[in-house]
Amino acid sequence: MFEGASLLQGDNTIPGLKIPPELKELLPRIFKEVTDFGCDFFPTVVQMLTYDEISEVAAYSGFPVRYPHWKWGMEYEQLARGYEHGMHRIYEMVINTNPCYIYCLDSNTMVDNVTVVAHALGHNDFFKNNVFFAPTKVGDQNMMNRLANHGTRIRRYMRRWGKERVTEFIDYVLRIETLIDSTKAWKPKKIKNLVTSDSRKYKFPKRLNVKDGHEYMEDYINPEDWIDKQNEKIRRKEIANEIGIFGKPTKDIMGFLRDHAPLKPWQADIISMLYEEALYFSPQRGTKMMNEGWASYIDHNIMCKRGLCGLAQENEDGGVIEYAKHKMGVLGGKYSMNPYKLGYCLFSEIESRWDKGRFGPEYENCKDIKKKANWDTKAGLGHQKVFEVRATHNDLTALIEFFDEEFCNKYEFFQWRLFPNGEYKIVDRDYKSIKKKLVAQHINGGLPVIKLTEPNYKGKGYMFLQHEWTGQTLYQPYVAATLQALSFLWGNRVYLATRDQNEQEIIWCAFGSGGDNDISLISREQYENDKGEEEGFDTKSTGGF
């Protein structure tokens, strides 16, 4: 990359490195086996990359056509040097597009390549069929093309307004890209009417339905006082909209700034593009465990149960040991709680339970320990059930529904601790407390829940945010950087209420984006009693950041 080589090498007709002939011959077999297993995936493009190229693609989140920014270079440096020093290895990459792109590492062994193609097709199937990815499928449009269009528009703004100015604005927007409400992706997009009109939409009070033939009950079902209350609600809502009263708190802070911040046209366009990208990537944050678990479950079934370990091997069982080593590294061993292992074990257990009929009231209410341990009704519903779960669950819902005491004990998902003598010991076996911690880690994709409660705080245009306290304090450097970005974009002060380690309420305030002097941290009591607000808080006397 540093020598100016093109991203995808190859000849003038085929991008990337040429796929080894022996692997190219096996691809149709791999695709057929995954399809026969029951997967339904997008049309797929397989490309071979060097470690340097795959690190570059990974730095761009799988989309090498994105806008120019120093962030991608930093991530590339970290990934490339990590590989060079033996700290990690990217076996493959797969991205949620139609067609779906799979990038394979050219230094993989044959067993690794067969494994990662089967694994990536599992991801492909998950992208296409999981309900939480449904909003990312906009017709047949390829997301690669959409992000390329975003890159082109941003480069145009850089040429017109200056690269440094546009890059600085992008810096601030990227700091708030997780302050979104992913459910907004489900709402239909509204086409803005650019024609000014002075019309009013009338709203009518809600009425309870009266069945045909029972019209005489109208006055009893919808009495006059009920109708008056509904009219009063409509009147209050119209007044609130007219004078600009903010409605209910919202997580979609980035979307609010896109619609209401005092931005120039080019700035508004950029934040709209980055908001669209943030919504596109958000399902991956909430399905990390299920997505990786499903792909691991698929490659296990294809490689072991369907015998693809032996493809292109000198003897039929030649690839089993190599695959087992690969799988052991991915799942992380006995004491690991990584998403690959947790998701894989959940899918494996679901298949086993539904094959043996170990579900439903009869099984759950059985008090005979021996009978319950040997329970097997030969239901054979495991294959059907895992595909159903893959389509309808994310990490949070799967943990809530399937992580129970039986599962926790069987797979020993206990809380382990490494002691100074090098020995791991169990420090907590209570599945309820373990499950509570796991669920907490997956709420909102593992990010703190912060809501905008008032955009016109104290009638002065200040933005007031509230952190939903769950026992975890916010990381101060991130708080400072995020609030400064919000203050820059909003053009006014931004307040954030949260709690400290002693669970005492504290108030962060950003007065601008200039640095540490623009950030203050005080207690709620100090904030309420402060009389020098117009001049700003004294960050030294109040314990400023």
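This is a predicted model: local features need pLDDT of at least 70, side-chain atom pairs count only at pLDDT 80 or more; totals for chains, interfaces and linings use all residues.
I took buried to mean under 20% relative accessible area, exposed over 50%, and partly exposed in between, with a 1.4 Å probe and protein chains only. Residues are numbered from 1 along each chain as its sequence is written, and side-chain values use heavy atoms, without hydrogens and water.

**Helix 19**

I read helices (H or I, at least four residues) and strands (E, at least two) as DSSP runs numbered from the N terminus. Helix 19 covers residues 431-442. Its 12 residues reach 16 Å from first C-alpha to last, close to the 16 Å expected at 1.5 Å a residue; the expected span is 1.5 Å times one less than the number of residues. I looked up which residues of helix 19 are buried and found I434, K435, L438, V439 and H442. Seen down the helix axis, these fall within an arc of 130°, so they line one face. The arc is that of the directions from the axis to the C-beta atoms. On the face turned away from the buried side I noted the exposed residues K432, K436 and Q441. The buried residues of helix 19 pack against several elements, including helix 11 (288-305), helix 13 (339-356) and strand 5 (424-428). Just after helix 19, N444 has a positive phi of about 55°.

**Cores**

I defined a nonpolar core as a set of buried Ala, Val, Leu, Ile, Met, Phe, Trp, Tyr and Cys residues joined through side-chain atoms within 4.5 Å. The largest has 61 residues, of which I30, V34 and F403 touch the most other members. Helix 4 (residues 110-129) gives the most to this core, with 10 residues. A second, separate core of 47 residues includes F169, I450, W490 and A510. Contact means heavy atoms within 4.5 Å. Leaving aside neighbours within four places in sequence, F403 is in contact with residues that include Y431, I434, K435 and L438.

**Strands 2 and 3**

I counted strands as paired if DSSP finds at least two bridges between them. Strand 2 and strand 3 (residues 100-105) pair in the antiparallel sense over 4 bridges, and they form a hairpin with 4 residues between them. The bridge partner of I95 in strand 3 is Y101.

**Cysteines**

With a disulfide taken as a pair of cysteine sulfur atoms within 2.5 Å, I found 0 disulfides. The closest cysteine sulfur to that of C304 is in C309, at 4.8 Å, too far for a bond.
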